[in-house]
Amino acid sequence: MDMPRRSFRRFGRIILLSCHGAGDALMMLGSSVLYIRTAFRPRARHEVAVQLFITGIKSLGVITVVAFFTGMILALQTGLELRRFGQEVNIGTAVTIVMIREMGPFMTGLIIAASVGSAIAAQLGTMTVSEEIAALEVMSINPNRFLVMPRLVALAVMMPILTIYTNLLGIVGGGIVGATQLGVAMQAYIDNATRYAENKDLYVGLFKAVVFGIIIATVACHQGLTTREGAVGVGRATRRTVIISFLMILVVGYMITRMFYI
Amino acid sequence: MISFEQITKTLGGKTVLDDVSFEVPRGETVVIVGLSGAGKSVTLKHMVQLFSPDCGTVRIGEDVISAAKGAELERMRQRFGVLFQGAALLQWLTVFENVALPLREKTDLSEEEIEKTVLDKLRLLNMEDAVDKFPADLSGGMQKRVGLARAIVMNPEIILYDEPTSGLDPVTARLIDQLIENLRSELGITSVVVTHDLHSALAIGTRIMMIDGGKIVENATPHDFIHSENETVQRFLESQYITRRGSWEKGMQTHG
């Protein structure tokens, strides 16, 4: 067979496999969403609480540092440019709008995908290759209800909460840079920050955060539950989770922005 | 009880099971032996639809499990207990929680009833002192015993064992053999055991089935199995120093 035809066939196979994987992941998501009604039963409630703790509390340290420095960098970069026009007092608006519209949910999504998403993929992947998932299936315990649903709920609930935290810290970080490096008084920064930001900006940002949480949970759980080939497969599932989540956060983030602002 | 009807299964381009048919009668222990990669575990996994056949039918009594889905499949699977090769215990749950898991998830029993049932099963396997330990704190043999306690906690009609004695010391291996035999003789449980260990197979099996190259090359009582004229069977027996006269007869006396 000639080279172009072979390459075309290989490309087609990759597309087909990707579509199959995406369909499979959406089926898993749909099934898990249907099980959300069971999340308030005592035993499921405990598992959801554990996942909320892992997703929220254990990620706070890294989110604190990243959010704070994101706000500081934003303030410094925009402030230095605005200073050329004598408009550095407007950094409050710039930092606030960029944080709540884009950077808050985006940075939180990336951090959670890299820390929580990869951990979920590694845990479920290890369970798959050591036959723990098969054991659950044989016991008629649906993995989508027992494992996926609590992680989905935890990520969908914690992502907007963490995003609000990221937004606040980023805005505070920007204010500190404004006050210490650019000569913008804190009161002027706050007045400027609250003057132009709209409720819509906050809601769209939080909507993005929920969607990113669902994306991370779906990708991580699907990659974990479809792991093959032992330890190598677990590594591959973890890597794929981070890559696919990052790409989807970028693409879906753009689509949501376009949907609400154009 | 379990019936395989012309099952064919291909995995990764290789035919693992090739038109395989056999039956496991109620209350018997059928041991499946064979070389690594012969299709033993794949056969076992078809019984609980962890694999679906490319063609053919797997029946559990009157139920066709190979075609079952959803709630129907769940109902059929509840007739089984399965001991996996690596025990497959959930690592973040204690021994007690692992054994209690099917009772908590699939029954309406009170916590007191669950505790009593779990402790009874763990006592049966001499594991009652390990209730608060995590699987990572247990040896391989102890994990297998906990896995067996979990497999029998719902009082299943059928138990499937995937390499129950692999990696165990001979004393623990014989303890597991004895438990499998007791479950059959005292409770009438139907068992299917996959193993490489022919000494164990001859001690616990009411029938022994050998799979080679995706086909059944022998399916006989232990006595007939060691007297089989099949060359593959003979080579397999010789590889484990089992001859028609001698070591197996000694083994029979040892195992009672």
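Author: Before we start, one definition: two residues are in contact if their C-beta atoms, placed from the backbone, lie within 7 Å. This is a predicted model, where local features need pLDDT of at least 70 and side-chain atom pairs count only at pLDDT 80 or more, while totals for chains, interfaces and linings use all residues. Residues are numbered from 1 along each chain as its sequence is written, and chains are lettered from A and ligands numbered from 1 in the order in which they are written.

Reader: Thanks! In what order do the six strands of the open sheet in chain B come?

Author: The order is β6-β7-β8-β3-β9-β10, with mixed pairing. Strands (E, at least two residues) and helices (H or I, at least four) are DSSP runs, numbered from the N terminus, and two strands pair if DSSP finds at least two bridges between them.

Reader: And which are the edge strands?

Author: In chain B they are β6 (80-83) and β10 (215-220), each pairing on one side only.

Reader: How many bridges join β9 to β10 in chain B?

Author: Five, and the two strands run antiparallel. Along this pair, B:D212 is opposite B:K215 of β10(B).

Reader: Which strands does helix α6 of chain B lie across?

Author: Helix α6(B), residues 170-187, lies across β3, β7 and β8 of chain B, at about 155° to β8(B). Axes are lines fitted to C-alpha atoms, for helices over the stretch in contact, and angles run from 0 to 180 degrees between N-to-C directions. Helix α9(B), residues 231-239, lies across β3, β9 and β10 of that chain, at about 105° to β9(B).

Reader: Switching to chain A: at what angle do α6 and α8 cross?

Author: Roughly 150°, with the axes of α6(A) (residues 143-181) and α8(A) (residues 199-225) coming within 8 Å. That is why α6(A) counts as roughly antiparallel to α8(A), a label for angles over 145 degrees.

Reader: Which residues meet there?

Author: Among them are A:L152, A:L155 and A:M159 in α6(A), and A:L206, A:V210 and A:I214 in α8(A). By class, this contact has 17 nonpolar, three polar and one charged residues. Ala, Val, Leu, Ile, Met, Phe, Trp, Tyr, Cys and Pro count as nonpolar, Asp, Glu, Lys and Arg as charged, and the others, Gly among them, as polar.

Reader: Last one: how many residues of chain A are in contact with chain B?

Author: 11 residues of chain A are in contact with 16 of chain B. On chain A's side, helix α5(A) (residues 132-138) gives the largest share, five residues.

Note on methods
Parallel < 35°, antiparallel > 145°, perpendicular 65-115°, else oblique.
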